[in-house]
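Welcome, and thanks for taking a look at this one with me.

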Amino acid sequence: MAIIDVSFFSKNIKRSVTFKAYLPFDEYNYLTMKNLSKPPFKTLYLLHGIFGFKEDWITYTRVIEYAKGNNLAIIMPSGENSFYVDNNISGIMYEKYFFQELVEKTRKIFPLSNKKEDTYLAGLSMGGFGALRNGIIYNDIFSVVGAFSPAVPKNKQQNFPGDVFGINYNYISNNYPEYFDLYNIVLNNRDNLPKLFLGCGSEDFLIEANREFIDFLNSLEINHIYFEEVDGHTWSFWDLSIKRFIEFLK
């Protein structure tokens, strides 16, 4: 296997950006001496939460262990505190970078499959929102979306996200409220939705918002998987979540 740090100049971020990649090169079953990996690899684009970094998933979960033997590459970008949406005010186009430029760039650098059925998107908290929102919008790229403790709006009317952990997002949400209108994003794409895999801890401060969103999916009879465990907004829950998600991809 290989774990690689990559940097390149992004035309959408307007500076050098970095991401971490796990590639399942030469993964062997040493009992049978059979190679378990063969390019082109299936690919999971994995997003971190607010205040996070590209190292988080490898540092705090066993995601690499779970991915082994699945012919699965993992791309982990640094999303800053962007909520993975464009900022037309500053001109920093995070959405276009993550879900257009980064996908194109990684497919050029690594032997990744360009098939929709081999391409997945997941994230936690802020990254869970980013995965849901953009996986649904870019449903021509991603076939399965995982959202773990996603930061979803509290209700259909909320001008989300506003102030989050002391960071004021009103300059975006007031000018571009449609960026955070997850309910309408679902409605506008309901005929082409990817497979949805969601989970939230029952003690998480986001649990009621998640349950309301699940009720909304149920009201539309949208097929999805949702689970809860007795846990909070914690890495123990996200470690379990990514394990279950990768098992779901098999």
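1. Please keep in mind that the model is a predicted one.

2. Is Leu 217 buried or exposed? Its relative accessibility is 0%, and because buried means under 20%, Leu 217 counts as buried.

3. Next, look at what surrounds this residue. Beyond its neighbours within four places in sequence, Leu 217 makes contact with Val 186, Leu 196, Leu 198, Ile 222 and His 224. Tyr 183 is 34 residues away from Leu 217 in sequence, yet their C-alpha atoms are 9.1 Å apart in space.

4. Now zoom out to the largest nonpolar core, which has 56 residues. Which of them touch the most other members? They are Leu 132, Val 186, Phe 213 and Leu 217. Helix 3 (residues 94-109) gives this core its largest share, six residues. Another core lies apart from it, with 24 residues, including Leu 44, Tyr 66, Phe 148 and Ile 246.

5. Leu 132 deserves a visit of its own. Setting aside residues up to four places away in sequence, Leu 132 touches Val 145, Ala 147, Pro 150, Val 152, Leu 182, Leu 196, Leu 198 and Phe 213.

6. Finally, do follow helix 3 along its length. Helix 3 has a kink of about 35°, centred on Glu 101. Glu 101 is also one of the buried residues of helix 3, a list that includes Tyr 94, Glu 95, Phe 98, Leu 102 and Thr 106.

Methods
Residues are numbered from 1 along each chain as its sequence is written. This is a predicted model: local features need pLDDT of at least 70, side-chain atom pairs count only at pLDDT 80 or more; totals for chains, interfaces and linings use all residues. Side-chain values use heavy atoms; hydrogens and water are left out. Buried means under 20% relative accessible area, exposed over 50%, partly exposed in between (1.4 Å probe, protein chains only). Contact means heavy atoms within 4.5 Å. A nonpolar core is a set of buried Ala, Val, Leu, Ile, Met, Phe, Trp, Tyr and Cys residues joined through side-chain atoms within 4.5 Å. Helices (H or I, at least four residues) and strands (E, at least two) are DSSP runs, numbered from the N terminus. The bend at a residue is the angle between axes fitted to the seven residues ending there and the seven starting there.
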